[in-house]
Every structure is written in structure tokens, then in C-alpha cells.
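Subject: Structure handover

Dear colleague,

Please find below the structure that I am handing over to you. My notes on what was found in it follow directly after.

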Amino acid sequence: MYGIARAVGAAAADSNRTAFRRTEKKYKLYKAPTKPRQRRKDLIKTDLSNVVDFDLVLKAFNGGGETPPGVFRVQCGFGRPVFCFEDRPGFYFIPGALTVEEQCRWIRESLMDFPQPPNRTNHNVMYGPIHGLFDAVRDGKVLVEAESSDTDSHSRIFVFPEGSEDAGQGDSRNSIAASVLLRKLRWTTLGLQFDWSKRNYDVSFPHNKIPDELCLLAKKMAAPAMPLEEEFRPEAAIVNYFGPSDMLGGHLDDMEADWSKPIVSISLGCKAMFLLGGKSRNDSPIAMFLRSGDIVLMAGQARECYHGVPRIFTDEDNADVSHITSQFSCKEDLCLSEYIRTSRININIRQVN
């Protein structure tokens, strides 16, 4: 009786979830129950047969085959195939848009340069601006709270001490390894800085311009979604960092003034699953794979669609990162290789005004 009641309760709970949430739950990473002292946890196998794989779509197209039902190629004069969904206008998928060299370049910059102040990260609230995080990871350093000479100051200052002999000093409650900080890095902002507490762009925050070459890339890739004779203006970017069990719940990107302009979203690192819903959370989302080097554009009506990332694939058979890690083979790049082997980075670039 208890088992029947439990099953009925679970079914009732599932029926109360939105279509988007049910799909998130379906594809989310779960681990099978284990016996005590059993070290290895097996992942619960998920049916992925209904997930759109644009890598296969592209191969079929290049071989003269047809696109799957509901998917079509856009005839826009772009230099590479661009695919859309018939029932999601304003959404564009550009598979394999970046070369391996370009992927490695933007992974490197996302970890070494983009988190540098004055760009803000999720660590700012706790530790303030952190300079040289990736170099500190390479050197095995520890961030420690510095003693303040100003007894009236309530602000806390954290630094990476010079010299390895200082790296382990200080109260352990007020210190954290650089490698842990890197793994806990969740976002950084480029260009105009986004204020997550107020959910708007704050022009009063100090900021640098988005790097010129990233701007050029965004302008080039945004072309299929832009109105005729208009050019995309990259003004802000949010870089998201995903660890092995991270996900991004269903949401809207609705803080920019003109939704006719696309968000240019660049995927780097481990393969992920992307859900593209409708204008209501009750609309069933389309599931698709995102691989390193893929670019997604969302403009117009697609800006009103809920979307999210319920899962990234970090196991060796499904991560699809061997072509990247092989490029990070020299000693200086070992930290890059170790990080991206089980992580995903997403750079999404926006025109704010």
C-alpha cells in the first residue's frame, strides 16, 4: 500500500509541474542509488532519442540528405549552414561555427582574461575583485584575508600572498585555494556590467570594452538574425561557467531594450543539452545538443521563449572535448586541459540599447 501511495503522490507532483519543468527533470543528471561504501555511482541512463543533434543534421545536409521534420536551412547568404525550427521563429543554430583554434582561444581568454577586474564575477560579493585568479591556480596559491591597518574599516580585503611560503598562512576560515575559486566561478561580465541583484545594466560600474576580436566575431555571427542593412552592436557579454553537475533553469533574457536584436551565444567545452521552450512554461520545449564551437542566435519572437540548460555531459564517451584537450598538451596549458575536460563555458553577447 505504501508503495502504491508513494507512486500516486509522485505522479500527482509531476502533473503539477509545468511542461518545461517536466522536461528539465527528464534530462537532468541523476545518479543511481548505491550501496554503503560503494565508491562508484552509476548515472541513470536517459533516453536521448528525441534530442535534436545538429551535428548529424549538418552531416546529412552536406551529404545531400533531408533535414528532420520541423527543421529547415535558412537561405540568408551566410557563409555556412544555418538551421531554424518552423515553430520557433527568431531562433538560429549555426553548428560548428568556430574552428578548434578559435575554440581554444576563447576558452583561454574566458579563464585567464575575462574574470580580471574591473570585470565583475560571482566572487565579488564575498571576496571583492580578484586579480590573477588563473595564474594563482597554476601556482597553487591560496586566497587569504589580509590584515587591515584601518581599524574603522568594515571592508574585507583578500589577496594571493607573494611567494609559496606565504600561500598557506592565515586563518583557514578566511582562506580558500585558487583552484576551488576557479571551480566555483559561475559568471563574469564584459562590457557594460550587469547588476544581478537589480537585474539591469549599471553604467556606473567601472568596465572595459568587449575585446575587439570578440566584437568582430559577434557581428559576423549575428548577421543571419539581423534586419537588413543593420549591424549588430556588441555592448555587453555574460560569460557562464558550468561544472559537472551544474544546470541553468528555464528563464528569459529580457533586460535589453530592443528584442529584435539577437543574443549571440557561443558554446565552448563539454557538450550540453539545451531546451528551447515557448512563451509559456507550459509549452513543451525542444531539446537539442550544444557542442563546443556551436553558436545560437535568439532574436525577435525567440527572445520571448523560455530556455535553459538542464545538463552538461562530462563523461569521456559523451563530453566531445578530446579535440580541444589535445590542443592543451603543453605543461603551461595543463590547468586549461584539466578544467575544460569536465566543464562548459558559454559566452553570450548582447546589444543593450
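**Cavities and pocket**

The lining of the largest cavity consists of Pro-115, Pro-117, Asn-119, Thr-121, His-123, Asn-124, Pro-129, Ile-130, Leu-133 and Leu-185. On a 1 Å grid over the protein atoms alone, a cavity is a set of points where a 1.4 Å probe fits but cannot get out, a pocket is an open set with protein on both sides within 12 Å along at least five of seven lines, and lining residues have an atom within 4 Å of a point. Grid points are joined across faces, edges and corners, and a volume is the space filled by probe spheres set on the points.

This is a predicted model, in which local features need pLDDT of at least 70 and side-chain atom pairs count only at pLDDT 80 or more, while totals for chains, interfaces and linings use all residues. Residues are numbered from 1 along each chain as its sequence is written, and side-chain values use heavy atoms, with hydrogens and water left out.

The volume of the largest cavity is about 70 Å³. Its lining residues comprise six nonpolar, four polar and no charged, where Ala, Val, Leu, Ile, Met, Phe, Trp, Tyr, Cys and Pro count as nonpolar, Asp, Glu, Lys and Arg as charged, and the others, Gly among them, as polar. Two cavities of 30 Å³ or more are counted by this rule. The second largest cavity holds about 30 Å³ and is lined by Leu-111, Met-112, Pro-115, Gln-116, Gly-132, Leu-133 and Phe-134. At least two residues of that lining come from each of helix 4 (100–112) and helix 6 (133–138); helices (H or I, at least four residues) and strands (E, at least two) are DSSP runs, numbered from the N terminus.

The largest pocket contains about 580 Å³ of space. Its lining has 33 residues, and Asn-240, Leu-248, His-251, Asp-253 and Arg-350 lie nearest the centre. Among the elements that give two or more residues to this lining are strand 10 (236–242), strand 12 (263–269) and strand 17 (344–350). By class, the pocket lining divides into 18 nonpolar, six polar and nine charged residues.

**The chain and one of its sheets**

The chain has 10 helices and 17 strands. Of its 353 residues, 46% are buried (buried means under 20% relative accessible area, exposed over 50%, partly exposed in between, with a 1.4 Å probe and protein chains only).

An open sheet of three strands runs in the order 5-4-6 with antiparallel pairing. Strand 5 (158–159) and strand 6 (175–177) are at the edges with a single partner strand each, so one side of each has no neighbour in the sheet. Two strands pair if DSSP finds at least two bridges between them; strand 4 (residues 142–145) and strand 6 are joined by three. Within this pair, Leu-143 is opposite Ile-176.

**Two loop residues**

Lys-261 is placed in the loop between strand 11 and strand 12. Why does Lys-261 count as buried? Its relative accessibility is 7%. Beyond its neighbours within four places in sequence, Lys-261 is in contact (heavy atoms within 4.5 Å) with Met-226, Glu-230, Met-298, Ala-299, Arg-303 and Gln-351.

Glu-332, in the loop between helix 9 (322–325) and helix 10 (334–340), counts as exposed because its relative accessibility is 52%. Glu-332 is 194 residues from Arg-138 in sequence, while their C-alpha atoms are 8.2 Å apart in space.

Yours sincerely
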